[in-house]
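Hi,

Have a look at it first, then read on.

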Amino acid sequence: MAAMDSQVEELYRRVVARNPGEAEFHQAVREVFESLTPVLRKNPQYTDAGILTRLCEPERQIIFRVPWVDDHGVVQINRGFRVEFNSALGPFKGGLRFHPSVYLGVVKFLGFEQIFKNALTGLPIGGGKGGSDFDPKGRSDGEVMRFCQSFMTELYRHLGEHTDVPAGDIGVGGREIGYLFGQYKRITNRYESGVLTGKGLSWGGSQVRTEATGYGVAFFVAEMLAAAGDSLEGKTAIVSGSGNVAIHAIEKIQQLGGRVIACSDSSGHVIDDAGIDVELLKEIKNSRRGRVADYVAERHASARLITDGTIWQIPTDIAVPCATQNELDELDAKALVAGGCTVVAEGANMPCTPDAVRTFAASGVRFAPGKAANAGGVATSALEMQQNASRDSWDFDYTENRLAEIMRSIHETCLATAEEYGTPGDYVVGANIAGFTHVADAMLSLGVI
Ligand code: NDP
């Protein structure tokens with residue numbers, strides 16, 4: 001990672017002072033700023049127009065009360081958020097996260113990342129993110145529905161297919177998107193399909209959207225290997241998490257010839273030397289809403305559950321963190337390097353700490369940041385919006401080919417940009433500069449707004 005020059009360092013200090021206590025947001029801003037020195041030197045017009053300062057200040061931030069009644073008749077209060085960060089390239093676009101750890105700093109880090117990720121896809125989407133500290137785990141379907149209805153009863157006034165288009169993230173999958181869309185439709189009296197993405201296939205959803213983030217990460221890993229004359233064939237991989245992104249990353253890595261030997265959830269990790277049985281994992285996680293321990297119980301021959309230590313201590317060729325932010329630290333990175341890992345791609349948003357990323361760089365590990373490697377999800381959301389706008393629906397193979405093409409193009413853009421700015425092979429610099437210049441040029445054209 002490069003150092004920031006003094007002007008950018010001062011700007012960063014102001015961002016920290018202006019947004020106290022939002023550690024994840026500070027981390028995300030710093031990571032982008034550290035890449036930008038060469039592009040700002042070459043293009044003083046960005047600094048003159050205050051682009052960086054404007055990028056760090058969301059266009060709009062909404063915080064609201066979400067009251068609902070649980071199955072015991074007790075009133076529950078959660079907090080809802082939507083941070084509409086930047087709409088220079090298109091309507092605000094980014095998921096909703098339901099998890100007890102959600103607060104403004106998490107939503108802002110995710111929204112900030114989303115600006116550059118969405119710009120990198122080359123599709124007409126701005127950046128935003130939202131969510132709530134509501135924990136869907138252990139809640140009945142009825143409770144989740146009442147929560148989603150209350151959440152949307154406030155949020156709907158800020159949404160629209162040309163304004164702000166949420167999707168899923170941690171804790172928000174097809175079930176939640178259904179309840180949210182139902183309430184939006186009821187309140188507005190409009191069947192506005194393009195207002196949410198990740199919808200069910202029978203009511204406006206797109207083929208491949210469910211799979212897109214995980215499949216996209218696997219395609220990106222395949223591109224990273226191909227750029228070095230290699231392939232996934234015969235390689236081992238570790239994928240953390242066992243949610244939407246993890247499951248589909250595992251599935252596609254294995255379809256492309258790799259063997260995923262471990263995955264996890266917040267209760268521990270599973271090692272399965274024979275390769276994760278993805279159909280069994282889907283059944284347990286998606287249908288039964290179970291834990292990875294249930295997977296081990298049903299596959300006792302080759303799998304074991306580990307509840308201490310981290311998943312990153314297992315020797316592997318490839319690591320794909322797909323759970324949550326800062327789940328992989330410097331010690332984990334050193335363990336991966338010692339275990340022979342040469343490629344790391346972030347399926348989650350910011351899962352690797354800055355020290356972990358530095359360790360990878362110092363050890364020659366090829367490292368792809370989430371804003372490039374996991375952009376397939378939002379890219380396919382934009383394809384869902386396209387289909388909704390034209391009242392069309394594409395088949396699975398066509399949509400998956402579009403996704404693969406987009407991931408190939410993001411990979412190429414990252415490498416070409418890194419090369420142009422004198423840091424060949426540095427995907428972090430490539431992704432940050434390419435995403436930044438795309439959105440910054442649009443902001444210049446639109447004037448000071
Ligand atoms: P899910 O809710 O489907 O799955 C999250 C997984 O991560 C679960 O297995 C969960 O385990 C685990 N996890 C979450 N928090 C922790 C934690 N603190 N410690 C250990 N494990 C944890 O979410 P997604 O798969 O949708 O999202 C995963 C990541 O990918 C997030 O960073 C998200 O922002 C990012 N992402 C998602 C996209 C999408 O399209 N869904 C698009 C781009 C990025 P448990 O069930 O035990 O909590």
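In which strand is the place of Val75? Val75 sits in strand E2, which covers residues 75-86. Before I go further, please keep in mind that this is a predicted model.

Staying with Val75 for a moment: its relative accessibility is 58%, so this valine counts as exposed. Val75 also belongs to a nonpolar patch on the surface, formed with Val69 and Ile77. Together the three have about 270 Å² of accessible area.

Now the ligand. There are 25 residues around it, and the closest are Lys137, Asp169, Thr213, Ser266 and Arg291. On the side-chain side, an N or O atom of Lys137 is 2.8 Å from an oxygen atom of the ligand. How much of the ligand does the protein bury? Taken alone, the ligand exposes 890 Å², and 82% of that is buried by the protein.

Next, the loop between helix H7 (174-188) and helix H8 (209-227), where you will find Ser206. Is Ser206 buried or exposed? With a relative accessibility of 3%, Ser206 counts as buried, because the cut-off for that is under 20%. If you skip its neighbours within four places in sequence, Ser206 is in contact with Lys199, Leu201, Thr380, Glu384, Gln387 and Thr399.

Asn189 is in the loop between H7 and H8 as well, but Asn189 is exposed, with a relative accessible area of 72%. Its backbone is worth a look: Asn189 has a positive phi of about 60° although it is not a glycine. Arg289 also has a positive phi, near 50°, and is a residue other than glycine. You will find Arg289 in the loop between helix H10 (278-287) and helix H11 (292-298), and at 52% relative accessibility Arg289 counts as exposed.

Last, the salt bridges. The count comes to 35, and here are a few of them.

- Glu10 and Arg14: their side chains meet at 3.7 Å, N to O. The two are four residues apart in helix H1 (residues 6-18), so about one helical turn separates them. Glu10 counts as partly exposed at 33% relative accessibility, and Arg14 as partly exposed at 48%.
- Glu57 and Arg18: this pair meets at 3.1 Å, N to O. Glu57 is in the loop between helix H4 (51-55) and strand E1 (60-69) and Arg18 is in helix H1, so the pair ties together parts that are 39 residues apart in sequence. Arg18 is exposed, at 58% relative accessible area, while Glu57 counts as partly exposed at 31%.
- Glu31 and Lys371: the closest N and O atoms are 2.9 Å apart. Glu31 lies in helix H2 (residues 23-42) and Lys371 in helix H14 (residues 370-373), so this bridge ties together parts that are 340 residues apart in sequence. Both residues, Glu31 and Lys371, are buried.

There is also a network: salt bridges with shared partners join Glu9, Arg30 and Glu34.

Cheers

How values were computed: Residues are numbered from 1 along each chain as its sequence is written. This is a predicted model: local features need pLDDT of at least 70, side-chain atom pairs count only at pLDDT 80 or more; totals for chains, interfaces and linings use all residues. Side-chain values use heavy atoms; hydrogens and water are left out. Buried means under 20% relative accessible area, exposed over 50%, partly exposed in between (1.4 Å probe, protein chains only). Contact means heavy atoms within 4.5 Å. Patches are made of residues with over 30% relative accessible area and no salt bridge: like charges are joined within 9 Å, nonpolar side chains (Val, Leu, Ile, Met, Phe, Trp, Tyr) within 5 Å. Accessible areas come from the Shrake-Rupley method with a 1.4 Å probe; for residues, only the protein chains shown count as cover. A salt bridge is a side-chain nitrogen of Lys or Arg within 4 Å of a carboxyl oxygen of Asp or Glu. A residue is near a molecule or strand if one of its heavy atoms lies within 4 Å of it. A polar contact is a pair of N or O atoms within 3.5 Å; within protein, one must be able to donate a hydrogen and the other to accept it, and residues adjacent in sequence count only if both atoms are side-chain atoms.
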